[in-house]
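Colleague: Hi! I've just opened this one and could use a guided tour. Could you show it to me?

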Amino acid sequence: QFRAKRQEVYRSLRDTPAVSKDGKPVSLLMNAGLLMDLPNVMNSGAAGIGLFRTELQFMVSSRFPRTGEQEQLYREVLDSVEGRPVTFRTLDVGGDKVLPYLRSEQEENPALGWRAVRLALDRPGLLRAQLRALLKAAADRELRVMVPMVTETREVLQVREIIKREVSLLTRFGHRIPRSLALGAMIEVPSLLYQLDDLMKAVDFVSVGSNDLFQFVFASDRGNARIARRYDHLNRAFLRVLRKIVVAAEAHQTPLTLCGEMAGRPLSALALLGLGFRSISMTGAAIGPVKAMLLETDIGKLEGTLLAEICKSYGGQTIREFLMDFADSNGIPY
């Protein structure tokens, strides 16, 4: 009964603007990957789709989806959200996402291996076909394309060149193209932390993939039961990493989003607000609880104290304990 009441509260907030107690708007986006996810965008009150996992269409198919099939899916996605933004992540397979019809070699460390943009640039025909489908599906609309597992800025520049060639080809043959096109990169590999200025200049937006970034920063396999709970996402070191990304994005005025488990948990989402994130993407079910937290949060009050707290040495109160005390003393649900 308690859970039912809470769900009713979250449903009642669906059309309430996602604005903090001190008047700061925050974009609460939804993650998706299949057509069955799409009704949840409207039902949850999400501002759009911050991460559309295009690989799921490939994973549920017994063969490579043809370009026309991809185009049809992407068009249905764009139609369903009624003008809200959608960020399509290019094919992110390899690692733990194996396609039975794609020949691949056994790898000792698949998470660190031939996957995502590495595979796409080695098999440019696959990437070109997907980009062509996206460009045609988004004719006369906004298209947002995000590249996963970027390790060097030049990988994004290579993808941009491929997009330019596809746009030129489609235009030459009389196809309508998107009215605007934004290319972004996922920050999930630690090497990008030392290329942030170059990266911000090379892209139109960035998105932190918090699950993989955390895994690689701590050399901790999130699928390994022995160590999955050993390190906390609210660890001071990791929050300093996230703050570094926020500062770089602000300096270059590059739009920034975070996708991952952190975004969908009210307490860790509270930390993200305090670090300066104003756009986060999560499951549809998480939007209600996160919005309820946001509406009761004075972000200005949180920011200064949290940033001072993460700069402290280890010992004493953990960041998780600090956030719980802050939420309790300010009547913030988490």
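This is a predicted model: local features need pLDDT of at least 70, side-chain atom pairs count only at pLDDT 80 or more; totals for chains, interfaces and linings use all residues.

Colleague: Thanks! How many residues of α11 are buried?

Modeller: Helix α11, residues 266–275, is mostly covered, with 10 of its 10 residues buried. Buried means under 20% relative accessible area, exposed means over 50%, and partly exposed is in between, using a 1.4 Å probe and protein chains only.

Colleague: And what do those buried residues pack against?

Modeller: Their partners are α10, β7 (256–259), β8, α12 (284–295), α13 (299–310) and α14 (319–329). Contact here means heavy atoms within 4.5 Å.

Colleague: At what angle do α11 and α13 pack?

Modeller: The angle is about 90 degrees, and their axes are 8 Å apart. That makes α11 roughly perpendicular to α13. The contact involves L270, A271, L273, G274 and L275 of α11, together with I299, L302, E303, L306, L307 and I310 of α13. By class, these residues divide into nine nonpolar, one polar and one charged. Axes are lines fitted to C-alpha atoms, for helices over the stretch in contact, and angles run from 0 to 180 degrees between N-to-C directions. Under 35 degrees counts as roughly parallel, over 145 as roughly antiparallel, 65 to 115 as roughly perpendicular and the rest as oblique. For the classes, Ala, Val, Leu, Ile, Met, Phe, Trp, Tyr, Cys and Pro are nonpolar, Asp, Glu, Lys and Arg are charged, and the others, Gly among them, are polar.

Colleague: OK, over to α9 and α10. How do they pack?

Modeller: Helix α9 (residues 210–217) and helix α10 (residues 236–252) meet at an angle of about 125 degrees, with their axes 11 Å apart. So α9 is oblique to α10. On the α9 side, S210, L213, F214 and V217 meet F238, V241, L242 and I245 in α10. That contact has seven nonpolar, one polar and no charged residues.

Colleague: Changing topic: in what order do the strands close into a barrel?

Modeller: Eight strands close up in the order β1-β2-β3-β4-β5-β6-β7-β8, and the pairing is parallel. Neighbouring strands of this sheet are turned by 25 degrees against each other on average, direction ignored. Strand β1 (residues 27–32) pairs with strand β8 (residues 279–282) in the parallel sense over four bridges, and M30 stands opposite M282 in β8. Two strands pair if DSSP finds at least two bridges between them.

Colleague: Which helix packs on the sheet touching β2, β3 and β4?

Modeller: That is α4 (residues 67–80), and its direction makes about 155 degrees with that of β3.

Colleague: And in β3, which way do the residues point?

Modeller: V86 and F88 point one way, T87 and R89 the other, and all are buried. V86 is the bridge partner of I49, while R89 has M146 in β4 as its bridge partner.

Colleague: Last one: is A4 buried or partly exposed?

Modeller: A4, in helix α1 (residues 2–12), is partly exposed, with a relative accessible area of 49%.

Key: Residues are numbered from 1 along each chain as its sequence is written. Side-chain values use heavy atoms; hydrogens and water are left out. Helices (H or I, at least four residues) and strands (E, at least two) are DSSP runs, numbered from the N terminus.
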